[in-house]
Amino acid sequence: MKKAVLLLLLWCVLGISVYAQKSFVLKSPGGNLSTTIVAGEQLTYDVVCNGRQIMAPSNISMTLDNGTVWGTGVRIQKSRRKSVDETVFSPFYRAAQIRDHYNELVLFFKGHYRVEFRAYDDGIAYRFVSDVEKPFNIVSEQSDFNFPFDAVASVPYVRNWNEDTPDAQFFNSFENEYTTTSLSKLHKQRLMFLPVVVNVGEGMKMCITETHLENYPGLYLSASQGSNRLSAVFAPYPKQLKQGGHNQLQMLVTERENYIAKVEKARTFPWRIAIVSTSDKDLAASNLSYLLAAPSRVDDTSWIKPGKVAWEWWNDWNLEGVDFVTGVNNETYKAYIDFAASKGIEYVILDEGWAVNLKADLMQVVKDINLRELVDYAKQRNVGIILWAGYYAFDRDMENICRHYSEMGIKGFKVDFMDRDDQIITDFNYRAAAMCAKYKLVLDLHGTSKPAGLNRTYPNVLNFEGVNGLEQLKWNPVSYDQVKYDVMLPFIRQVAGPMDYTQGAMRNAAKGHYYPCYSEPMSQGTRCRQLALYVVLESPLNMLCDAPSNYMREPESTDFIAQIPTVWDETRVLEGKMGEYIVTARRKGDVWYVGGITDWNTRELTIDLSFLPEGKYQLEQFCDGVNAHRKGTDYRKQVGELSFDRKIQIKMYPGGGYVAKIQKK
């Protein structure tokens, strides 16, 4: 006994851990990526790419309300490894099927929990798994990202930041421009929402995001003073809520608990992902957010119809040459339906205004709207109707609303103004998806965070906001730079999944000509840029944001937009550099579309299409006109034959774009 005590004292004096430290190395299938997981006093992992450590050992842990800390003083009971190489079918996505190829290591710890690690050729991911069947609360979760040097990061800060009320940061719309600066210069009190990208040198980038975010608060990042570390922060669980906010359609948190999540039974937790690329175009092509999500819970997806939407809010219900006052009334919506039918557009949306204001009751319809009449009118013309809904109005009576409007013939809902991602809201997103699926309704989650895998688990959720989209140009000052944001987007936010950017403007402002106009908004950049965004960006439910009157004046552009698919059989990112330009090719059936956008610099590129099968191809292309740098609406349409070497030369003017349709002759 005395010897044991003396030995323990000796360990303490010499600083030797009483926990046996074990190391595990997990490599990706191609061997280019690896992580070393160390389990001892702390549970850590790192990321190594092509032999260079790009993320230093970083702590991960969970603290429970009984004082237990998973990930500290760990004791491994067993480990398990496996390799997976299979095909995942992915309807309503950027490809009809994708390869799921990874190596996995699972560590089982004393305390009824385990941690699963996966290594892909383009990323390292991990998640905690609880085997505890009794309820408990999670006080905090540690998820650090330590970098070996003061790297440069591109991050979206939360907008609602106030030094005196830091909790206000958890009430935000997940929309902001990107700030690019070194880790040491990031704001130390202001939170960042995911995804973020860190330039780790030598052409490599790491995108930090999460997926399978179900019934758990979303992860924010904060920068640490005096270190090159980004650390996870989570919204505490709401203790007191009150109705308020936008038109009484939101629930505002007035008090929070001292924990972040309630756990009722054994469960998995969200995946933390470090996506790694050695070229920017590969980063834009990553599928890890989708692959790591839970498989579909909708057995029959035959009723789910992606497509385009004639949308009235952005263009402020503006029609010309009609004999009625436009606005939220049946005459206006019938005109939108007629336009949609004439162009083969699948849906018309009734945005905010159709339900009585300030009542938060979706069963109360304004007197100028007869929904049954509109649904019948649209059905006769093969157009579906989607209804906008405020979050609280939808949540308070969800099943009754879904049942009632599904029976009426409504095809889906656009739910807005959640503006939080604490556990209550992420649980709502899944409940809303499940309820809409039950009544065969598609869902567009506006006013919320990134998809985080929900689009795989419930494929009837066709779109998400969480993007600083084109609506910003209705009110932002002339100094605002949407063009720069656009060429960041595919490499950051779009890595997490589809988004409700709402492109399609027919009023296009060259540099220096933009000004905010709420009732007759315009885009920054050229007409071809707006056309190309239907190929570059991913939106299974995609808006035509401008007024039918403007589209009817521009039949070439409108007809081209209307025919572009919204889901794809294959996607290839051909060229790209984050913050500068991107060129993407997508295939539906045997028809290919190529779309490219640039920043405010003129750009000439040679695009290699040698991946196309042998044969002769017709090339229909829209190019920036020679005066597009002065007049944003200037463009050229050309129809010809693709050259024998299958290469195309494209020139994009400042704020410009390029788009083409390629099909066999």
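This is a predicted model: local features need pLDDT of at least 70, side-chain atom pairs count only at pLDDT 80 or more; totals for chains, interfaces and linings use all residues.
Good morning. Residues are numbered from 1 along each chain as its sequence is written, and side-chain values use heavy atoms, leaving out hydrogens and water.

Strands β23 (residues 307-310) and β24 (residues 347-350) run parallel and are joined by two bridges. Strands are DSSP runs of E with at least two residues, helices are runs of H or I with at least four, and both are numbered from the N terminus. Two strands pair if DSSP finds at least two bridges between them.

Now to the whole sheet. Seven strands form an open sheet with parallel pairing, in the order β28-β27-β26-β25-β24-β23-β31. At its edges, β28 (461-464) and β31 (541-544) each pair on one side only.

Which strands does helix α5 lie across? Helix α5 (residues 371-380) lies across β24 and β25 (384-390), at about 145° to β25. Axes are lines fitted to C-alpha atoms, for helices over the stretch in contact (heavy atoms within 4.5 Å). Angles run from 0 to 180 degrees between N-to-C directions. Helix α8 (residues 423-438) also packs on the sheet, touching β26 (412-416), β27 (442-445) and β28.

Finally, the protein chain as a whole. It holds 13 helices and 39 strands. Of its 665 residues, 60% count as buried, meaning under 20% relative accessible area with a 1.4 Å probe, protein chains only. Thank you.

Technical notes:
Buried means under 20% relative accessible area, exposed over 50%, partly exposed in between (1.4 Å probe, protein chains only).
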